[in-house]
Amino acid sequence: MMKKIFAIAALMAATMPMAAQETYENAKLAQGDLNGTARYVGMGGAMEALGADISTIGTNPAGIGLFRKSSVSMSFGLVSQDGVNSVLDASKTNASFDQLGFVYSSRTGKTSFLNLAFNYHKSRNFNQILSASHALDRAALNKLTYAKAKNELLFEERMSDNGKYVPNFDRPYLSCSQLDDMLSYWGMSYDEDDQMWYYYDADRYQFNRAQKGYIGEYDFNISGNINNRVYLGVTVGIHDVHYKHYGEYVEHIPDGANSFDVTVADTREITGTGFDVKAGVIFRPNEASPFRIGLSMATPTFYELYSNNYTYITDGPNSINTSHIHDASARTSYSFKLYTPWKFGLSMGHTIGTQVALGASYEYADYGSMDTRSITGEYYDYWSDSYITDSESDKAMNAHTERTLKGVHTLKLGAEYKPTKDVALRIGYNYVSPMYQTGGFKDGTIESPGTYVASAADFTNWEDTHRLTLGTGYTYNKFNVSLAYQYSTTSGKFYPFMSYEDNTTPDDSNIADGVKVNNNRHQLLLTLGYTF
(Lines give C-alpha, C1' and ligand atoms only; values in the text may rest on other atoms or scores of the structure.)
Protein backbone atom coordinates (compact mmCIF):
# COMPACT_ATOMS: atom_id res chain seq x y z
CA MET A 1 0.00 0.00 0.00
CA MET A 2 1.48 3.30 -1.06
CA LYS A 3 1.12 6.45 1.00
CA LYS A 4 1.98 9.95 -0.02
CA ILE A 5 2.76 12.65 2.53
CA PHE A 6 1.56 16.01 1.29
CA ALA A 7 3.72 18.92 2.45
CA ILE A 8 1.33 21.82 2.80
CA ALA A 9 3.45 24.93 2.68
CA ALA A 10 0.77 27.57 2.23
CA LEU A 11 0.68 29.44 5.52
CA MET A 12 -1.87 32.20 5.07
CA ALA A 13 -1.06 34.35 8.09
CA ALA A 14 0.59 37.01 5.95
CA THR A 15 -2.64 37.61 4.06
CA MET A 16 -4.92 37.89 7.10
CA PRO A 17 -7.15 40.96 6.80
CA MET A 18 -7.88 40.95 10.53
CA ALA A 19 -7.25 38.84 13.61
CA ALA A 20 -8.58 38.23 17.08
CA GLN A 21 -7.49 36.25 20.08
CA GLU A 22 -8.80 32.95 21.44
CA THR A 23 -10.85 32.49 24.65
CA TYR A 24 -8.26 30.61 26.70
CA GLU A 25 -5.46 33.01 25.79
CA ASN A 26 -7.68 35.98 26.68
CA ALA A 27 -8.56 34.46 30.05
CA LYS A 28 -4.90 34.70 31.09
CA LEU A 29 -5.10 38.49 30.80
CA ALA A 30 -8.50 39.07 32.40
CA GLN A 31 -8.04 38.26 36.10
CA GLY A 32 -5.68 39.82 38.62
CA ASP A 33 -3.67 38.57 41.58
CA LEU A 34 -3.92 39.58 45.22
CA ASN A 35 -1.07 42.06 45.33
CA GLY A 36 -0.22 45.53 46.61
CA THR A 37 1.13 46.75 49.92
CA ALA A 38 2.08 44.22 52.61
CA ARG A 39 -0.73 45.50 54.85
CA TYR A 40 -3.31 45.02 52.10
CA VAL A 41 -2.05 41.53 51.24
CA GLY A 42 -1.65 40.56 54.91
CA MET A 43 -5.35 41.28 55.47
CA GLY A 44 -6.40 39.24 52.43
CA GLY A 45 -7.25 42.38 50.47
CA ALA A 46 -10.33 42.98 52.66
CA MET A 47 -9.73 46.74 53.03
CA GLU A 48 -12.20 48.22 50.53
CA ALA A 49 -14.40 49.67 53.33
CA LEU A 50 -11.62 50.19 55.88
CA GLY A 51 -9.63 52.31 53.44
CA ALA A 52 -6.56 54.40 54.24
CA ASP A 53 -4.33 52.03 52.27
CA ILE A 54 -2.92 52.96 48.86
CA SER A 55 -3.89 49.55 47.39
CA THR A 56 -7.62 50.37 47.66
CA ILE A 57 -7.05 52.86 44.82
CA GLY A 58 -7.71 50.04 42.34
CA THR A 59 -10.56 48.26 44.16
CA ASN A 60 -12.63 50.93 45.94
CA PRO A 61 -11.20 54.39 45.11
CA ALA A 62 -13.13 55.93 48.01
CA GLY A 63 -10.66 54.22 50.35
CA ILE A 64 -8.10 56.92 49.51
CA GLY A 65 -10.52 59.47 50.95
CA LEU A 66 -9.84 58.12 54.46
CA PHE A 67 -6.23 59.33 54.46
CA ARG A 68 -5.62 62.22 56.86
CA LYS A 69 -1.93 62.65 56.12
CA SER A 70 0.20 62.39 53.01
CA SER A 71 2.25 59.23 52.56
CA VAL A 72 4.52 57.35 50.18
CA SER A 73 5.15 53.60 50.02
CA MET A 74 7.12 51.00 48.07
CA SER A 75 6.71 47.20 48.01
CA PHE A 76 8.83 44.35 46.70
CA GLY A 77 9.58 40.71 47.45
CA LEU A 78 9.84 37.13 46.20
CA VAL A 79 7.36 34.82 44.49
CA SER A 80 8.02 31.07 44.39
CA GLN A 81 6.02 28.30 42.72
CA ASP A 82 5.63 25.14 44.78
CA GLY A 83 5.60 21.53 43.57
CA VAL A 84 7.24 22.00 40.16
CA ASN A 85 10.66 21.44 38.66
CA SER A 86 12.52 24.18 36.84
CA VAL A 87 12.20 23.47 33.11
CA LEU A 88 13.03 25.27 29.86
CA ASP A 89 15.55 27.48 31.70
CA ALA A 90 12.73 28.95 33.82
CA SER A 91 13.23 29.52 37.54
CA LYS A 92 10.43 28.73 39.97
CA THR A 93 11.53 31.55 42.31
CA ASN A 94 11.67 35.17 41.13
CA ALA A 95 12.13 38.60 42.62
CA SER A 96 9.26 41.01 42.07
CA PHE A 97 8.81 44.78 42.30
CA ASP A 98 5.15 45.07 43.26
CA GLN A 99 4.09 48.58 44.24
CA LEU A 100 5.07 52.25 44.36
CA GLY A 101 2.67 55.05 45.24
CA PHE A 102 1.89 58.23 47.13
CA VAL A 103 -1.09 60.10 48.55
CA TYR A 104 -1.27 63.87 48.91
CA SER A 105 -3.86 64.81 51.52
CA SER A 106 -5.19 68.34 52.06
CA ARG A 107 -7.81 69.58 54.52
CA THR A 108 -10.75 71.43 52.92
CA GLY A 109 -12.86 71.86 56.07
CA LYS A 110 -12.94 71.05 59.74
CA THR A 111 -13.73 67.38 59.06
CA SER A 112 -13.34 67.19 55.27
CA PHE A 113 -10.34 66.36 53.06
CA LEU A 114 -9.50 66.30 49.36
CA ASN A 115 -6.86 63.74 48.42
CA LEU A 116 -4.87 63.08 45.25
CA ALA A 117 -3.04 59.81 44.73
CA PHE A 118 -0.99 57.81 42.28
CA ASN A 119 -0.06 54.16 42.56
CA TYR A 120 1.71 51.56 40.46
CA HIS A 121 1.19 47.92 41.30
CA LYS A 122 1.75 44.61 39.56
CA SER A 123 -1.82 43.44 39.10
CA ARG A 124 -0.80 40.14 37.47
CA ASN A 125 2.41 38.12 37.75
CA PHE A 126 2.53 35.66 34.85
CA ASN A 127 5.59 33.71 36.03
CA GLN A 128 4.50 30.07 36.02
CA ILE A 129 5.80 26.64 35.06
CA LEU A 130 3.21 24.18 33.74
CA SER A 131 4.12 20.52 33.20
CA ALA A 132 1.94 17.52 32.37
CA SER A 133 2.33 14.04 30.93
CA HIS A 134 0.01 11.11 30.27
CA ALA A 135 -0.60 8.09 28.10
CA LEU A 136 -2.53 8.48 24.85
CA ASP A 137 -4.85 5.66 23.75
CA ARG A 138 -5.33 5.78 19.98
CA ALA A 139 -5.06 9.55 20.12
CA ALA A 140 -2.66 12.13 18.72
CA LEU A 141 -2.43 15.86 18.17
CA ASN A 142 -2.39 15.55 14.39
CA LYS A 143 -5.47 13.34 14.57
CA LEU A 144 -7.42 16.57 15.12
CA THR A 145 -6.33 17.68 11.67
CA TYR A 146 -7.37 14.29 10.35
CA ALA A 147 -10.82 14.63 11.98
CA LYS A 148 -11.32 18.05 10.43
CA ALA A 149 -10.25 16.72 7.05
CA LYS A 150 -12.58 13.75 7.30
CA ASN A 151 -15.50 15.95 8.28
CA GLU A 152 -14.71 18.64 5.71
CA LEU A 153 -14.01 21.22 8.40
CA LEU A 154 -10.48 21.79 7.15
CA PHE A 155 -10.36 20.78 3.53
CA GLU A 156 -12.10 18.76 0.85
CA GLU A 157 -10.51 16.30 -1.52
CA ARG A 158 -10.30 17.27 -5.15
CA MET A 159 -8.69 15.76 -8.22
CA SER A 160 -5.57 17.53 -9.46
CA ASP A 161 -4.55 17.81 -13.11
CA ASN A 162 -2.33 14.73 -12.83
CA GLY A 163 -5.17 12.59 -11.46
CA LYS A 164 -4.07 12.54 -7.79
CA TYR A 165 -6.11 13.55 -4.76
CA VAL A 166 -4.75 16.54 -2.86
CA PRO A 167 -6.10 18.72 -0.04
CA ASN A 168 -8.30 21.56 -1.19
CA PHE A 169 -7.51 24.88 0.46
CA ASP A 170 -10.02 26.87 -1.58
CA ARG A 171 -12.33 26.81 1.42
CA PRO A 172 -12.47 29.93 3.65
CA TYR A 173 -9.48 30.26 5.97
CA LEU A 174 -11.74 30.52 9.02
CA SER A 175 -12.25 26.76 9.04
CA CYS A 176 -8.59 25.95 9.53
CA SER A 177 -5.77 27.22 11.68
CA GLN A 178 -2.08 27.96 11.51
CA LEU A 179 -1.51 24.90 13.68
CA ASP A 180 -3.56 22.75 11.28
CA ASP A 181 -1.35 23.90 8.44
CA MET A 182 1.70 22.79 10.35
CA LEU A 183 0.27 19.48 11.52
CA SER A 184 -0.47 18.64 7.91
CA TYR A 185 3.27 18.16 7.52
CA TRP A 186 3.15 15.40 10.11
CA GLY A 187 1.74 12.07 9.07
CA MET A 188 -1.31 13.41 7.23
CA SER A 189 -1.24 11.01 4.33
CA TYR A 190 -3.63 9.92 1.63
CA ASP A 191 -3.62 6.36 0.29
CA GLU A 192 -4.36 6.48 -3.41
CA ASP A 193 -5.38 2.81 -3.55
CA ASP A 194 -8.15 2.79 -0.94
CA GLN A 195 -8.76 6.55 -1.08
CA MET A 196 -8.41 6.98 2.69
CA TRP A 197 -6.65 9.55 4.89
CA TYR A 198 -4.16 8.20 7.45
CA TYR A 199 -2.44 9.57 10.53
CA TYR A 200 0.00 8.47 13.22
CA ASP A 201 -1.19 7.30 16.64
CA ALA A 202 0.78 8.35 19.74
CA ASP A 203 1.09 6.34 22.95
CA ARG A 204 2.16 9.13 25.34
CA TYR A 205 3.03 12.83 25.57
CA GLN A 206 5.09 15.23 27.67
CA PHE A 207 4.24 18.94 27.92
CA ASN A 208 6.24 21.79 29.46
CA ARG A 209 5.53 25.51 29.32
CA ALA A 210 7.26 28.45 31.00
CA GLN A 211 5.35 31.72 31.29
CA LYS A 212 6.76 35.04 32.38
CA GLY A 213 5.82 38.69 32.44
CA TYR A 214 3.33 40.91 34.20
CA ILE A 215 0.51 43.43 33.91
CA GLY A 216 1.47 46.75 35.45
CA GLU A 217 -1.39 49.01 36.56
CA TYR A 218 -0.92 52.77 36.89
CA ASP A 219 -3.77 54.37 38.86
CA PHE A 220 -4.57 58.08 39.22
CA ASN A 221 -7.08 58.99 41.90
CA ILE A 222 -9.06 61.92 43.26
CA SER A 223 -11.06 61.35 46.42
CA GLY A 224 -12.34 63.00 49.53
CA ASN A 225 -14.87 62.91 52.33
CA ILE A 226 -17.88 64.86 53.51
CA ASN A 227 -17.99 65.52 57.24
CA ASN A 228 -15.95 62.39 57.91
CA ARG A 229 -19.00 60.24 57.15
CA VAL A 230 -19.30 59.88 53.37
CA TYR A 231 -16.20 59.12 51.27
CA LEU A 232 -16.09 59.34 47.47
CA GLY A 233 -13.39 58.45 44.96
CA VAL A 234 -12.67 57.99 41.26
CA THR A 235 -9.64 56.26 39.75
CA VAL A 236 -8.45 56.17 36.15
CA GLY A 237 -6.18 53.21 35.46
CA ILE A 238 -3.73 52.44 32.69
CA HIS A 239 -2.77 48.77 32.22
CA ASP A 240 0.51 47.73 30.63
CA VAL A 241 0.70 44.11 29.40
CA HIS A 242 3.93 42.11 29.04
CA TYR A 243 3.29 38.40 28.54
CA LYS A 244 5.51 35.72 27.05
CA HIS A 245 5.61 31.95 27.06
CA TYR A 246 7.63 29.16 25.54
CA GLY A 247 6.30 25.63 25.47
CA GLU A 248 7.21 22.21 24.10
CA TYR A 249 4.71 19.45 23.41
CA VAL A 250 6.33 16.08 22.67
CA GLU A 251 4.45 13.01 21.42
CA HIS A 252 6.01 9.57 21.17
CA ILE A 253 4.94 7.72 18.03
CA PRO A 254 5.33 3.92 18.34
CA ASP A 255 6.22 2.69 14.87
CA GLY A 256 8.15 -0.52 15.59
CA ALA A 257 11.84 -0.12 14.89
CA ASN A 258 11.11 3.34 13.49
CA SER A 259 9.49 4.79 16.63
CA PHE A 260 10.09 8.51 16.93
CA ASP A 261 9.16 11.66 18.86
CA VAL A 262 7.48 14.73 17.42
CA THR A 263 7.95 18.10 19.11
CA VAL A 264 5.72 21.12 18.67
CA ALA A 265 7.45 24.18 20.13
CA ASP A 266 5.47 27.38 20.59
CA THR A 267 6.56 30.90 21.54
CA ARG A 268 3.96 33.59 22.12
CA GLU A 269 4.37 37.20 23.21
CA ILE A 270 1.54 39.63 23.97
CA THR A 271 2.08 43.31 24.64
CA GLY A 272 -0.22 46.31 24.72
CA THR A 273 -2.10 48.75 26.90
CA GLY A 274 -5.58 49.31 28.20
CA PHE A 275 -7.51 51.67 30.43
CA ASP A 276 -10.42 51.55 32.84
CA VAL A 277 -12.32 53.76 35.28
CA LYS A 278 -13.17 52.79 38.85
CA ALA A 279 -15.57 54.59 41.18
CA GLY A 280 -16.51 53.98 44.79
CA VAL A 281 -18.28 55.24 47.86
CA ILE A 282 -17.90 54.45 51.56
CA PHE A 283 -20.37 55.65 54.17
CA ARG A 284 -21.05 55.23 57.86
CA PRO A 285 -24.76 54.46 58.40
CA ASN A 286 -24.52 55.52 62.06
CA GLU A 287 -22.56 58.68 62.73
CA ALA A 288 -21.64 57.45 66.21
CA SER A 289 -20.29 54.09 64.96
CA PRO A 290 -17.06 53.36 63.06
CA PHE A 291 -18.85 50.61 61.07
CA ARG A 292 -18.88 51.47 57.37
CA ILE A 293 -20.12 50.04 54.08
CA GLY A 294 -18.42 50.36 50.72
CA LEU A 295 -19.76 50.09 47.17
CA SER A 296 -17.60 50.06 44.05
CA MET A 297 -17.71 49.43 40.34
CA ALA A 298 -15.16 49.27 37.54
CA THR A 299 -15.65 49.57 33.81
CA PRO A 300 -14.16 46.93 31.51
CA THR A 301 -10.48 47.29 30.82
CA PHE A 302 -10.35 48.36 27.18
CA TYR A 303 -7.25 46.63 25.85
CA GLU A 304 -5.55 47.12 22.50
CA LEU A 305 -3.00 44.33 22.20
CA TYR A 306 -0.33 43.01 19.87
CA SER A 307 0.57 39.32 19.66
CA ASN A 308 3.61 37.78 18.07
CA ASN A 309 3.92 34.00 17.98
CA TYR A 310 6.31 31.51 16.46
CA THR A 311 5.62 27.79 16.16
CA TYR A 312 8.01 25.06 15.11
CA ILE A 313 7.33 21.35 14.55
CA THR A 314 10.02 18.71 14.08
CA ASP A 315 10.88 15.06 14.68
CA GLY A 316 14.44 16.01 15.60
CA PRO A 317 17.80 15.68 13.83
CA ASN A 318 18.18 11.96 14.67
CA SER A 319 14.98 10.78 13.05
CA ILE A 320 15.30 7.28 11.56
CA ASN A 321 12.79 7.97 8.85
CA THR A 322 12.70 11.56 7.69
CA SER A 323 9.53 10.91 5.72
CA HIS A 324 7.59 11.03 9.01
CA ILE A 325 7.63 14.79 9.05
CA HIS A 326 9.19 17.78 7.36
CA ASP A 327 10.46 20.40 9.77
CA ALA A 328 7.96 23.24 9.58
CA SER A 329 7.60 26.63 11.19
CA ALA A 330 5.26 29.58 11.10
CA ARG A 331 5.34 33.10 12.51
CA THR A 332 2.29 35.31 12.96
CA SER A 333 1.92 38.86 14.24
CA TYR A 334 -1.41 40.58 14.66
CA SER A 335 -3.30 43.19 16.65
CA PHE A 336 -6.64 42.77 18.40
CA LYS A 337 -8.80 44.30 21.11
CA LEU A 338 -10.14 42.79 24.29
CA TYR A 339 -12.74 44.30 26.61
CA THR A 340 -12.84 42.60 30.02
CA PRO A 341 -16.09 42.44 32.07
CA TRP A 342 -17.58 45.02 34.42
CA LYS A 343 -16.78 44.49 38.10
CA PHE A 344 -18.99 45.26 41.09
CA GLY A 345 -17.98 45.25 44.74
CA LEU A 346 -19.60 45.34 48.19
CA SER A 347 -17.54 45.68 51.36
CA MET A 348 -17.84 46.21 55.10
CA GLY A 349 -15.34 47.45 57.65
CA HIS A 350 -15.32 47.98 61.39
CA THR A 351 -12.78 49.10 63.97
CA ILE A 352 -12.78 48.46 67.71
CA GLY A 353 -10.95 51.24 69.45
CA THR A 354 -7.43 51.65 68.09
CA GLN A 355 -6.51 47.99 68.41
CA VAL A 356 -8.74 45.96 66.08
CA ALA A 357 -9.75 46.37 62.40
CA LEU A 358 -12.06 43.90 60.64
CA GLY A 359 -12.83 43.81 56.94
CA ALA A 360 -14.92 41.79 54.47
CA SER A 361 -15.26 42.33 50.72
CA TYR A 362 -17.18 40.69 47.88
CA GLU A 363 -16.64 41.20 44.16
CA TYR A 364 -18.41 39.84 41.08
CA ALA A 365 -17.40 39.83 37.41
CA ASP A 366 -18.96 37.86 34.54
CA TYR A 367 -16.04 36.68 32.40
CA GLY A 368 -18.41 35.00 29.96
CA SER A 369 -19.28 38.52 28.77
CA MET A 370 -15.74 39.39 27.63
CA ASP A 371 -15.66 40.98 24.20
CA THR A 372 -12.94 39.80 21.81
CA ARG A 373 -12.69 42.24 18.92
CA SER A 374 -11.08 42.12 15.49
CA ILE A 375 -9.23 45.11 14.09
CA THR A 376 -11.03 46.22 10.92
CA GLY A 377 -9.07 49.34 9.99
CA GLU A 378 -6.90 52.24 11.08
CA TYR A 379 -7.12 55.95 10.43
CA TYR A 380 -5.24 59.09 11.44
CA ASP A 381 -7.04 61.43 13.83
CA TYR A 382 -5.89 65.02 13.32
CA TRP A 383 -7.38 66.25 16.59
CA SER A 384 -5.38 63.85 18.74
CA ASP A 385 -2.43 63.57 16.32
CA SER A 386 -2.53 59.79 16.59
CA TYR A 387 -3.72 56.69 14.78
CA ILE A 388 -7.02 55.19 15.88
CA THR A 389 -8.16 51.67 15.10
CA ASP A 390 -11.66 50.52 14.26
CA SER A 391 -12.83 47.14 15.47
CA GLU A 392 -15.82 44.84 15.57
CA SER A 393 -16.85 42.06 17.93
CA ASP A 394 -15.75 38.56 16.95
CA LYS A 395 -19.23 37.07 17.41
CA ALA A 396 -18.19 33.45 16.91
CA MET A 397 -15.37 33.63 19.46
CA ASN A 398 -17.50 35.62 21.90
CA ALA A 399 -20.17 32.91 21.72
CA HIS A 400 -17.46 30.37 22.61
CA THR A 401 -16.33 32.59 25.50
CA GLU A 402 -19.88 32.71 26.83
CA ARG A 403 -20.08 28.91 26.71
CA THR A 404 -16.63 28.42 28.28
CA LEU A 405 -16.29 31.09 30.98
CA LYS A 406 -18.67 32.21 33.71
CA GLY A 407 -19.22 34.70 36.51
CA VAL A 408 -16.57 34.75 39.22
CA HIS A 409 -17.24 35.48 42.91
CA THR A 410 -14.38 36.80 45.04
CA LEU A 411 -14.58 36.84 48.84
CA LYS A 412 -12.00 38.58 51.02
CA LEU A 413 -11.79 38.42 54.82
CA GLY A 414 -9.17 40.13 56.98
CA ALA A 415 -8.30 41.26 60.48
CA GLU A 416 -5.64 43.40 62.13
CA TYR A 417 -4.74 43.47 65.81
CA LYS A 418 -2.40 45.97 67.48
CA PRO A 419 -1.05 44.71 70.80
CA THR A 420 0.74 48.07 71.07
CA LYS A 421 0.24 51.27 69.11
CA ASP A 422 3.37 50.63 67.00
CA VAL A 423 3.00 46.89 66.28
CA ALA A 424 0.34 45.25 64.10
CA LEU A 425 -0.48 41.58 63.47
CA ARG A 426 -2.60 40.65 60.43
CA ILE A 427 -4.37 37.64 58.95
CA GLY A 428 -6.53 37.18 55.87
CA TYR A 429 -8.30 34.73 53.62
CA ASN A 430 -9.22 35.13 49.97
CA TYR A 431 -11.45 32.87 47.85
CA VAL A 432 -11.99 33.10 44.07
CA SER A 433 -14.58 30.84 42.41
CA PRO A 434 -13.75 29.06 39.12
CA MET A 435 -13.76 31.05 35.89
CA TYR A 436 -14.22 28.01 33.62
CA GLN A 437 -17.46 26.17 32.94
CA THR A 438 -17.51 22.45 33.65
CA GLY A 439 -16.73 20.72 30.37
CA GLY A 440 -15.27 23.83 28.71
CA PHE A 441 -12.74 23.21 25.95
CA LYS A 442 -10.65 24.99 23.34
CA ASP A 443 -12.61 24.64 20.11
CA GLY A 444 -10.52 24.53 16.96
CA THR A 445 -13.57 24.40 14.68
CA ILE A 446 -14.86 27.91 15.44
CA GLU A 447 -15.08 30.05 12.32
CA SER A 448 -13.11 32.91 13.77
CA PRO A 449 -9.88 34.75 12.96
CA GLY A 450 -8.80 33.81 16.49
CA THR A 451 -8.96 30.15 15.48
CA TYR A 452 -6.72 30.63 12.48
CA VAL A 453 -3.91 32.35 14.36
CA ALA A 454 -4.02 29.77 17.18
CA SER A 455 -0.58 28.19 17.51
CA ALA A 456 -1.19 25.76 20.40
CA ALA A 457 -3.89 23.17 21.02
CA ASP A 458 -3.59 22.71 24.80
CA PHE A 459 -5.90 24.23 27.41
CA THR A 460 -6.40 24.09 31.18
CA ASN A 461 -9.69 24.41 33.05
CA TRP A 462 -8.57 26.00 36.30
CA GLU A 463 -10.76 25.55 39.38
CA ASP A 464 -11.22 27.79 42.44
CA THR A 465 -8.39 29.65 44.16
CA HIS A 466 -7.71 29.77 47.91
CA ARG A 467 -5.31 32.31 49.44
CA LEU A 468 -4.15 32.43 53.04
CA THR A 469 -2.24 35.48 54.21
CA LEU A 470 -0.32 36.55 57.31
CA GLY A 471 1.38 39.84 58.07
CA THR A 472 2.96 42.13 60.58
CA GLY A 473 3.82 45.81 60.72
CA TYR A 474 5.91 48.21 62.78
CA THR A 475 5.76 52.03 62.98
CA TYR A 476 8.59 54.24 64.18
CA ASN A 477 7.93 57.98 64.18
CA LYS A 478 6.94 58.74 60.56
CA PHE A 479 8.37 55.53 59.12
CA ASN A 480 6.60 52.20 58.84
CA VAL A 481 7.58 48.78 57.62
CA SER A 482 5.28 45.83 56.91
CA LEU A 483 5.88 42.22 55.97
CA ALA A 484 3.32 39.81 54.47
CA TYR A 485 3.25 36.17 53.49
CA GLN A 486 0.73 34.75 51.01
CA TYR A 487 0.08 31.15 50.04
CA SER A 488 -2.10 30.70 46.96
CA THR A 489 -3.34 27.36 45.65
CA THR A 490 -5.25 26.54 42.46
CA SER A 491 -5.90 23.15 40.83
CA GLY A 492 -7.06 22.42 37.32
CA LYS A 493 -7.30 19.87 34.54
CA PHE A 494 -4.88 20.06 31.65
CA TYR A 495 -5.77 18.76 28.17
CA PRO A 496 -3.14 18.50 25.40
CA PHE A 497 -5.76 19.09 22.71
CA MET A 498 -9.49 19.20 22.12
CA SER A 499 -11.13 15.79 22.28
CA TYR A 500 -13.10 14.57 19.29
CA GLU A 501 -15.48 11.63 19.37
CA ASP A 502 -16.89 10.01 16.22
CA ASN A 503 -19.72 7.71 17.29
CA THR A 504 -20.04 6.18 13.84
CA THR A 505 -16.41 5.12 13.63
CA PRO A 506 -14.92 4.57 17.11
CA ASP A 507 -11.40 4.18 15.71
CA ASP A 508 -11.61 7.80 14.56
CA SER A 509 -12.26 9.08 18.10
CA ASN A 510 -9.53 11.29 19.50
CA ILE A 511 -10.00 11.57 23.26
CA ALA A 512 -7.26 12.78 25.60
CA ASP A 513 -7.76 12.36 29.33
CA GLY A 514 -7.49 15.41 31.56
CA VAL A 515 -4.44 15.56 33.84
CA LYS A 516 -4.56 17.28 37.22
CA VAL A 517 -2.17 20.22 37.49
CA ASN A 518 -1.57 22.77 40.25
CA ASN A 519 -0.48 26.37 40.50
CA ASN A 520 0.66 26.80 44.12
CA ARG A 521 2.62 29.92 45.00
CA HIS A 522 4.38 31.42 47.99
CA GLN A 523 4.83 35.19 48.16
CA LEU A 524 6.95 37.16 50.61
CA LEU A 525 6.24 40.90 50.41
CA LEU A 526 7.95 43.85 52.12
CA THR A 527 6.57 47.41 52.19
CA LEU A 528 8.48 50.50 53.28
CA GLY A 529 6.43 53.62 53.99
CA TYR A 530 6.75 57.22 55.14
CA THR A 531 3.94 59.48 56.41
CA PHE A 532 4.19 63.27 56.46
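Lys-122 is buried, at a relative accessible area of 10%, where buried means under 20%, exposed over 50% and partly exposed in between (1.4 Å probe, protein chains only). This is a predicted model, in which local features need pLDDT of at least 70 and side-chain atom pairs count only at pLDDT 80 or more, while totals for chains, interfaces and linings use all residues. Residues are numbered from 1 along each chain as its sequence is written, and side-chain values use heavy atoms, with hydrogens and water left out.

Lys-122 belongs to strand E4; helices (H or I, at least four residues) and strands (E, at least two) are DSSP runs numbered from the N terminus. Not counting residues up to four places away in sequence, Lys-122 touches Asn-35, Ser-96, Phe-97, Asp-98, Tyr-214 and Ile-215, a contact being heavy atoms within 4.5 Å. Between the C-alpha atoms of Lys-122 and Gln-99, which are 23 residues apart along the chain, the separation is 6.6 Å.

Phe-118 also lies in strand E4, which spans residues 113-125. With 21% relative accessibility, Phe-118 counts as partly exposed. Its contacts, leaving aside neighbours within four places in sequence, are Ile-54, Ile-57, Leu-100, Gly-101, Phe-102, Tyr-218, Asp-219 and Phe-220. Ile-222 is 104 residues from Phe-118 along the chain, and their C-alpha atoms are separated by 9.1 Å.

## The chain as a whole

The chain has 6 helices and 24 strands. Of its 532 residues, 53% are buried. Among contacts with a separation of 6 or more, 74% are between residues 24 or more positions apart.

The chain exposes about 23,300 Å², and carbon and sulfur atoms supply 56% of that area. Accessible areas come from the Shrake-Rupley method with a 1.4 Å probe; for residues, only the protein chains shown count as cover.

Thr-263 sits in strand E12, residues 260-283. Residues up to four places away in sequence aside, Thr-263 touches Glu-248, Tyr-249, Val-250, Tyr-312, Ile-313 and Thr-314.

Helix H5 covers residues 395-404, and its buried residues are Met-397, Asn-398, His-400, Thr-401 and Thr-404. These residues lie on the same side of H5 because they cover an arc of only 155 degrees around the axis, the arc being that of the directions from the helix axis to the C-beta atoms. An α-helix has 3.6 residues a turn, so residues three or four places apart point the same way.

The buried residues of H5 pack against helix H1 (23-30), strand E18 (371-381), strand E19 (386-393) and helix H6 (449-452). On the other side of H5, Lys-395 and Glu-402 are exposed.

## The loop between E2 and E3

Leu-88 is in the loop between E2 and strand E3 (93-107). It has a positive phi of about 55 degrees although it is not a glycine, and it is partly exposed, at a relative accessible area of 28%.

Asp-89 lies in the loop between E2 and E3. Its phi is near 65 degrees, a positive value in a residue other than glycine. Asp-89 counts as exposed, at 85% relative accessibility.

The largest pocket holds about 1,300 Å³ of space. Of the 45 residues that line it, the closest to its centre are Arg-39, Ala-52, Phe-67, Lys-418 and Thr-531. A pocket is an open set of points on a 1 Å grid over the protein atoms alone, where a 1.4 Å probe fits, with protein on both sides within 12 Å along at least five of seven lines; lining residues have an atom within 4 Å of a point. Elements that each supply at least two lining residues include helix H2 (38-42), strand E2 (71-82) and strand E24 (515-531). The lining has 17 nonpolar, 17 polar and 11 charged residues.

The second largest pocket holds about 270 Å³. Of its 19 lining residues, the closest to its centre are Ala-90, Ser-91, Ala-210, Gln-211 and Lys-212. E2, strand E5 (128-139), strand E10 (202-226) and strand E11 (230-253) each supply at least two residues of this lining, which divides into 6 nonpolar, 8 polar and 5 charged. Asp, Glu, Lys and Arg count as charged, Ala, Val, Leu, Ile, Met, Phe, Trp, Tyr, Cys and Pro as nonpolar, and the others, Gly among them, as polar. A volume is the space filled by probe spheres set on the grid points, which are joined across faces, edges and corners.
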